[in-house]
Amino acid sequence: MSGSLTRVLLKIFAYRFYREQSGLLLFLFVTIISYCFFINTAGVYQMEESTFYHLMLMMTFIITPVMMLLVFACWLIYTIKSWQYVAAQLQLENNQFLFYGITSFSKARQFKSWFCVQLMISLPFLGYWLFATVLGFIYHANLIPAITLVYILLLASISAWLYVYLVNRINKTRKSALLIRMSSKLSKPFSSLFMYHLFDRYKLIYLLTKIASLLVMTGILYIFADFKQDLRVPYLIMLSIVTLHSVLIFQEHRFKETSLSFARNLPYNRSRLFFNFSFIYFLLILPECIWCLSKFPLPAALEMLFFGLSTALLFRSILHLMGLRMYRYLLWVFGWFMLSFYIIMFDLPRLAFSASLLISYLLFYRYYYKPETYIKF
């Protein structure tokens with residue numbers, strides 16, 4: 001688990017750091033190499049003598065104490081710049097999922113992963129140390145290379161502890177949800193991340209949705225109290241429940257697209273991903289499912305649960321065609337609600353169930369890896 005954490009942090013921070021700072025690093029590297037190898041010495045010297053003076057100049061840069069202090073000062077500035085970069089990246093909305101994932105690891109494991117990240121950022125230091133070690137071995141000057149290695153490890157250790165501190169205090173200015181605080185030390189399945197995000201950011205929307213669901217459930221059951229045994233009643237109730245949750249389904253899709261867009265690169269087959277989504281929606285409507293089990297016979301309650309999940313998956317699959325255009329998405333949700341309502345009222349509820357499940361899977365399978373495909377009308 002800690003190895004996977006290290007790989008994720010390397011991709012998000014270390015590799016991006018080099019991509020964004022590549023111009024400056026390349027300029028410094030070329031400047032130093034050009035200065036050491038191509039500087040012209042004063043006077044006329046033979047080729048062997050010129051090579052000797054170039055080597056002496058490099059030795060001055062590498063194993064002279066005064067130059068070592070100057071290099072250490074430059075490294076400290078570089079390290080502080082990396083601190084600023086990582087701190088800025090941690091505040092980006094796209095990286096807020098780290099708040100839910102990294103904190104489930106122990107701080108010792110977090111430290112190891114961040115230590116590897118800082119060593120990757122400090123690759124120029126390690127290259128300098130390796131070259132200094134070779135020259136020190138040749139010229140019997142091993143003290144300064146040893147001090148250099150200790151300094152590099154010290155900077156990496158300080159940086160790692162700083163990153164651990166920053167990650168564990170992300171968004172501490174606002175009080176986190178009780179579920180987040182209680183589960184901060186637990187490992188979190190990838191498919192469950194949205195639930196933590198929901199209880200952390202959208203508590204009010206979730207509460208209002210549940211209140212509306214309760215009113216709808218009791219209202220429909222009261223209106224059709226004499227037809228409670230009719231299978232159409234639980235189907236209508238579940239259709240209304242899932243339609244009310246369509247906004248939360250949209251937020252789940254938006255969270256995956258904006259904060260976890262890299263998930264499409266994970267080695268999961270589409271069928272597994274499809275049923276992972278059904279697990280999320282089961283958690284979303286779990287209170288309603290418990291209510292339905294208390295009001296209807298077990299076979300009817302289970303059938304309405306599967307119908308609700310299939311409808312939720314259909315709404316989710318439609319979003320692969322809509323993108324993040326909520327208004328158009330809600331129009332399609334309303335259209336499917338009306339179509340399913342009439343299918344159920346014509347005493348064909350299982351047809352609505354089968355159609356929702358089949359269409360949702362086909363849309364998901366066809367368009368999950370094509371997020372740029374949108375309906376034009």
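Biologist: Before we start, what counts as a salt bridge here?
Modeller: A salt bridge is a side-chain nitrogen of Lys or Arg within 4 Å of a carboxyl oxygen of Asp or Glu. This is a predicted model, where local features need pLDDT of at least 70, side-chain atom pairs count only at pLDDT 80 or more, and totals for chains, interfaces and linings use all residues. Residues are numbered from 1 along each chain as its sequence is written, and side-chain values use heavy atoms, leaving out hydrogens and water.
Biologist: Thanks! How many salt bridges does the structure hold?
Modeller: There are 5 salt bridges. In one of them, the side chains of Lys210 and Glu288 meet at 2.9 Å, N to O.
Biologist: Where do Lys210 and Glu288 sit in the chain?
Modeller: They link distant parts of it, 78 residues apart: Lys210 is in helix α10 (residues 203-223) and Glu288 in helix α14 (residues 286-295). Helices here are DSSP runs (H or I, at least four residues), numbered from the N terminus.
Biologist: Are those two buried or exposed?
Modeller: Both Lys210 and Glu288 are buried, meaning under 20% relative accessible area with a 1.4 Å probe, protein chains only; exposed is over 50% and partly exposed is in between.
Biologist: Switching topic, why does Asp230 count as partly exposed?
Modeller: Because its relative accessibility is 22%. Its salt-bridge partner is Arg232, at 2.8 Å, N to O, and Arg232 counts as partly exposed too, at 24%.
Biologist: And which residue does Glu252 pair with?
Modeller: Glu252 forms a salt bridge with Lys256, with the closest N and O atoms 3.0 Å apart. Both lie in helix α12 (residues 246-259), 4 residues apart, about one turn of the helix. Glu252 and Lys256 are also linked with Arg316 in a network of salt bridges.

Technical notes
Helices (H or I, at least four residues) and strands (E, at least two) are DSSP runs, numbered from the N terminus.
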